[in-house]
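Hello,

I am handing over the structure we spoke about. Please open it alongside this message; what was found in it is set out below.

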Amino acid sequence: MTRWMVSPGEIPSAWFNVVPYLPAPPASPLHPATHQPVEPDDLAPLFPAALIEQEMTRAPWIEVPGEVLDILRLWRPTPLVRASRLEQALGTPARIYFKDESGSPAGSHKPNTAVAQAFYNARAGLRRLTTETGAGQWGTALAFACAQFGLECEVYMVRASFEHKPYRRVIMETWGGSVVPSPVDQPDHPGSLGTAISDAVRAALGRGDTHYSLGSVLNHVLLHQTVIGLEAREQLALAGERLPDVVIAPCGGGSNLGGIAFPFVPEAGVRLIAVEPLSCPTLTQGRFDYDFGDSAGLTPLLPMYTLGHDFVPPSIHAGGLRYHGVSPLISSLVRDGRMEAVAYPQGKVFEAAVHFARLEGKVAAPEAAHAIRAVIDEALAAKETGEEKVILFNYCGHGFLDLSAYDDYLHGRLHDEQG
Ligand SMILES: *Cc1c(COP(=O)(O)O)cnc(C)c1O
């Protein structure tokens, strides 16, 4: 057996909220102008009440609405796969499992929250959503979700990607979204996630029928992603495993990592590892402080690891990992020692991705490849010690729209940026 499934009728019907299980209660976000703790009313111009409630709740479980489950079932449950060929090639006693989130319509984990966010906005009577996207993964996810609920979707795309990576724009447009390069007011600026968030927030504040949607970082986004870890737990049991010893995922804003790792936070023996690029080392080299989520300082100040809201990361291939901050929930787990973080240069990441592709057949998104790098190193460490470690990682997306990155690696044009 190499794949385990639960039936579509058994996908998780409640999201898992990690907040009550954190070592210390999270600090409140602060209003950008007054620096006072954010109140629900402060967020109302941007988000529907149900999502604001989820952002602040301490309830351990939140029911998933039936309308959301119906759409998630278009591709969920996702398979849990044992990477036995990788194990054999490494000669490791470790057992390596991955949760394959690459089969969603957008090819990544991101639709798990896009669908929920579009649902709550549609139910609250909104007609349009704005958002930002880097390389385009989040924009595609939200465009898909908006199409399901008849919402208009306006995506501010980091200009460098808009110009050099047209295919995700085409997918967004196919699903009915409109795509605008950011920053809108500086046509010579390559843009960053920070500038695109500012543009999308401004556009939402300007119209009563429009809200803003964020693809990572916020508590409710990570909450929606916990379907990944909850399913994985069931599937590991079907595979005859009790718990993983280590859970590994790449970390940009923290949503796929939170999604797979949070359901294991209450299990003290399970190690949790965040993997980030050396060129954008938020958790490994940033400072824990209040900072804005965007470059213009329009969002609330979040308590998180940050490289500074004006940090513009070098343009590495793992576009989804180029963000100056990281989820406050992930940040607090790292600060309090419940989660570890490691950083890799992209050459070592692509070396692992190509190794994995030749053994397991899967061409990973550059973001997912960061996890594969760390998994291989954990499995080699287990070989040294002879430990029969169970490793679970998030295969959070495929790399079919990132082939130019593979092309660069395979033909010696990929250069490491040092952090
Ligand atoms: C967006 C994205 C990421 C980074 O975002 P997180 O919120 O940290 O998960 C990682 N992997 C893939 C495939 C993505 O699309």
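**The shell around the ligand**

The ligand is surrounded by 20 residues, and the closest are S216, G252, G320, E367 and G397. Please keep in mind that this is a predicted model.

By residue type, the shell around the ligand is made up of eight nonpolar, 10 polar and two charged residues. At least two residues of the shell come from each of helix 6 (137-149), helix 12 (255-261) and helix 16 (366-385). Helix 12 gives the most, with three residues.

**Helix 6 and helix 8**

Helix 6, which supplies part of that shell, also packs with helix 8 (residues 166-174). Two packed helices are described by the angle between their axes and the distance between the axes. For helix 6 and helix 8, the angle is about 10° and the axes are 8 Å apart. Because angles under 35 degrees count as roughly parallel, helix 6 is roughly parallel to helix 8.

In this contact, G139, T140 and A143 of helix 6 meet R168, I171 and M172 of helix 8. Three of the residues in the contact are nonpolar, two are polar and one is charged.

**Helix 2**

Which residues of helix 2 (residues 49-56) are buried? They are L51, I52 and Q54. Seen down the axis of helix 2, these buried residues fall within an arc of 160°, so they line one face of the helix. The buried residues of helix 2 pack against helix 1 (40-43), strand 3 (61-63), helix 5 (111-123) and helix 10 (219-225).

Regards

Definitions and conventions: Residues are numbered from 1 along each chain as its sequence is written. This is a predicted model: local features need pLDDT of at least 70, side-chain atom pairs count only at pLDDT 80 or more; totals for chains, interfaces and linings use all residues. A residue is near a molecule or strand if its C-beta atom, placed from the backbone, lies within 6 Å of it. Helices (H or I, at least four residues) and strands (E, at least two) are DSSP runs, numbered from the N terminus. Ala, Val, Leu, Ile, Met, Phe, Trp, Tyr, Cys and Pro count as nonpolar, Asp, Glu, Lys and Arg as charged, and the others, Gly among them, as polar. Axes are lines fitted to C-alpha atoms, for helices over the stretch in contact, and angles run from 0 to 180 degrees between N-to-C directions. Angles under 35 degrees count as roughly parallel, over 145 as roughly antiparallel, 65 to 115 as roughly perpendicular and the rest as oblique. Two residues are in contact if their C-beta atoms, placed from the backbone, lie within 7 Å. A residue is buried if 20 or more other C-beta atoms lie within 10 Å of its own, exposed if 12 or fewer, and partly exposed in between; C-beta atoms are placed from the backbone. The arc is that of the directions from the helix axis to the C-beta atoms.
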